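Me: I would like to learn how to read surface and charge features in a protein model. Can we go through some of them in turn?

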Amino acid sequence: MSVFTHVVVGSNDIQKSKAFYDAVLAAIGMQCLMAVDDARLMYGTDSLAFIVTKPRNGEPATFANGGTIGFKADTSAQVDAFHAAALANGGSCEGEPGPREVVPNAYGAYVRDPDGNKFSIYAFGQV
């Protein structure tokens, strides 16, 4: 069982990224499952696994801005505990625990570690 829910990378040009990832990911059986507002591409086989997005904070995408490593939780209580532990141990909040409009029926939170690396944690079917 994987502990990851998805991988996110930032892009400064979504159309250029779409052409690239449509071709590259097709080689491993993935396709664009959804494009949102010319700002986000969602890829996978039968479920979401990889997202390409313009950073939500409006800053340019870099290998660190727009990149998020997503962990899987079984319950919303685990999401809350993950978030609280991050804040208690030198991390910072990038999104309070709660329902997420981007993914229906998901409860999640976002944090940065003390070095600025961004992580999310999601429990699906918890909303």
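Me: Is Ile 69 buried, partly exposed or exposed?

Reply: This is a predicted model. Buried means under 20% relative accessible area and exposed means over 50%, with partly exposed in between. Ile 69 has 39% relative accessibility, so it counts as partly exposed.

Me: How many salt bridges does a search of the whole structure find?

Reply: A salt bridge needs a side-chain nitrogen of Lys or Arg within 4 Å of a carboxyl oxygen of Asp or Glu. The search finds 4. One of them joins Glu 101 and Arg 56, at 3.0 Å from N to O. Glu 101 is in the loop between β6 and β7 and Arg 56 in the loop between β4 (48–53) and β5, so the pair ties together parts 45 residues apart in sequence. Glu 101 is exposed at 60%, and Arg 56 is exposed at 63%.

Me: What does the side chain of Arg 100 reach at 2.8 Å?

Reply: Look for backbone oxygens as well as charged groups. The side chain of Arg 100 reaches the backbone oxygen of Glu 96 at that distance. The backbone oxygen of Gly 95 lies 3.4 Å from a polar atom of the Arg 100 side chain.

How values were computed: Residues are numbered from 1 along each chain as its sequence is written. This is a predicted model: local features need pLDDT of at least 70, side-chain atom pairs count only at pLDDT 80 or more; totals for chains, interfaces and linings use all residues. Side-chain values use heavy atoms; hydrogens and water are left out. A polar contact is a pair of N or O atoms within 3.5 Å; within protein, one must be able to donate a hydrogen and the other to accept it, and residues adjacent in sequence count only if both atoms are side-chain atoms. Buried means under 20% relative accessible area, exposed over 50%, partly exposed in between (1.4 Å probe, protein chains only). Helices (H or I, at least four residues) and strands (E, at least two) are DSSP runs, numbered from the N terminus.
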